[in-house]
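Me: Got a model open here and want to talk it through. Can you take my questions as they come?

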Amino acid sequence: MKKEKKRSFLLGISILLVLFCFVFSSFFYMPYDPNQMDNGNKFAGISLTHWMGCDNFGRDIYSRILQGTRTTFLVAFFTVMIGGGIGTALGAITGYFGGWLDEILMRINDAVAAFPNFLLALVVISLIGPGMSNVIMALGIVFIPGFARIARGEFLRCRNMDYVKSAKLMGAGPFRIIIFHIFPNTIPVLLSAVTIGFNNAVIAEASMSFLGIGVQPPDASLGKMLSEAQAYLFSTPSYAFFPGMVVVLLVLGFSLLGNGLERKA
């Protein structure tokens, strides 16, 4: 079991590090403008000048995948920051104080969590409109209940432990206890939740862009590239293969990392 945990963690972190380096390199080297159209290179095959070929507008697929993967990373990061930050704060407050505050906030949390995450995100997007920033806002909102419930459970478990009672006897206030005493002991579980959140955010962003309500043209998105490639699956399979493979690797990497962290926790 220990070897399996270690193997899962190392494989997951290795995949994500490779992808992160791939994305980070785009800030310093982009072979072509991802949105530059070239009629002379429509459906150009894999070559030394176009490493992954070109799409139906003659745009370099490698450059668009660089931009699309960077977009996915940014959406996932800010989504987890919003959902994880607000959700953890709510869970910490309700878990530590309990009482009527816990009842009210958790009932609201349960009502929001009753809707499937993706369906609720679609409702939010329909109200505020498509676009990268709106996708981040929508996914951040729907991720709050999951983080809140996990944080609440950890704070409920820890609030009556001896080190918390000792801190109270020494005169520590509730928020000092929450931040400096209980929160550090919840980090292993929360880290596992964060990796799952990243995984779900990658899938949700790609799905929304695929449906045309996520990142909007001409900006590149892995999901949008897959949507555009549908009509050319047999004539130009590389158009769909490369962005699809990046999505698979992202999901696999976060899943393996989350599995390793969960077992460690």
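Me: Start with Asp33. How exposed is Asp33?
Reply: This is a predicted model, so take every value as computed. Asp33 is partly exposed, with a relative accessible area of 43%. The band for that label lies between the 20% cut-off for buried and the 50% cut-off for exposed.

Me: Where does Asp33 sit?
Reply: In the loop between helix 1 and helix 2.

Me: How far is Asp33 from Arg59 in space?
Reply: Their C-alpha atoms are 8.1 Å apart. Along the sequence, 26 residues separate Asp33 and Arg59.

Me: What about Phe43? Where is Phe43 found?
Reply: Phe43 also belongs to a loop, the one between helix 1 and helix 2 (61–97). Its phi is positive, about 55°, although Phe43 is not a glycine.

Me: Zoom out. How many helices and strands does the chain have?
Reply: Nine helices and zero strands. Read along the sequence, the pattern is α-α-α-α-α-α-α-α-α.

Me: What box do the C-alpha atoms fill?
Reply: Roughly 75 × 45 × 30 Å, taken along the principal axes.

Me: What share of the residues is buried?
Reply: Buried residues make up 46% of the 265 in the chain.

Me: Contacts next. Taking pairs at least 6 apart in sequence, what share joins residues at least 24 apart?
Reply: That share is 71%.

Me: Give me one buried spot. Where is Ala201?
Reply: Ala201 is in helix 7. At a relative accessible area of 1%, Ala201 is under the 20% cut-off, so it counts as buried.

Me: Which residues touch Ala201, sequence neighbours aside?
Reply: Leaving aside neighbours within four places in sequence, Ala201 is in contact with Ala76, Thr79, Leu139 and Phe143. Gly140 is 61 residues away along the chain, and its C-alpha atom is 9.0 Å from that of Ala201.

Me: Ala206 now. Is Ala206 buried or exposed?
Reply: Buried, with a relative accessible area of 10%. Ala206 lies in helix 7.

Me: Move to Gly131. Which loop holds Gly131?
Reply: The loop between helix 4 (117–128) and helix 5 (132–158). Gly131 counts as buried, at 13% relative accessibility.

Me: What does Gly131 contact beyond its sequence neighbours?
Reply: Ile213, Gly214 and Gln216, once neighbours within four places in sequence are set aside. Gly131 and Ile213 are 82 residues apart in sequence. Their C-alpha atoms are 7.0 Å apart in space.

Me: Last topic, pockets. How much space lies in the largest pocket?
Reply: About 220 Å³.

Me: How does one find such space at all?
Reply: Rolling a probe the size of a water molecule over the atoms shows where empty space is left.

Me: Which residues line the largest pocket?
Reply: The lining is Ile13, Leu16, Leu17, Phe20, Phe73, Val194, Thr195, Phe198, Phe254 and Leu257.

Me: Which helices each give at least two of the lining residues?
Reply: Helix 1 (2–25), helix 7 (174–211) and helix 9 (237–264).

Me: And where does the largest share come from?
Reply: Helix 1, with four residues of the lining.

Conventions:
Residues are numbered from 1 along each chain as its sequence is written. This is a predicted model: local features need pLDDT of at least 70, side-chain atom pairs count only at pLDDT 80 or more; totals for chains, interfaces and linings use all residues. Side-chain values use heavy atoms; hydrogens and water are left out. Buried means under 20% relative accessible area, exposed over 50%, partly exposed in between (1.4 Å probe, protein chains only). Contact means heavy atoms within 4.5 Å. On a 1 Å grid over the protein atoms alone, a cavity is a set of points where a 1.4 Å probe fits but cannot get out, and a pocket is an open set with protein on both sides within 12 Å along at least five of seven lines; lining residues have an atom within 4 Å of a point. Grid points are joined across faces, edges and corners, and a volume is the space filled by probe spheres set on the points.
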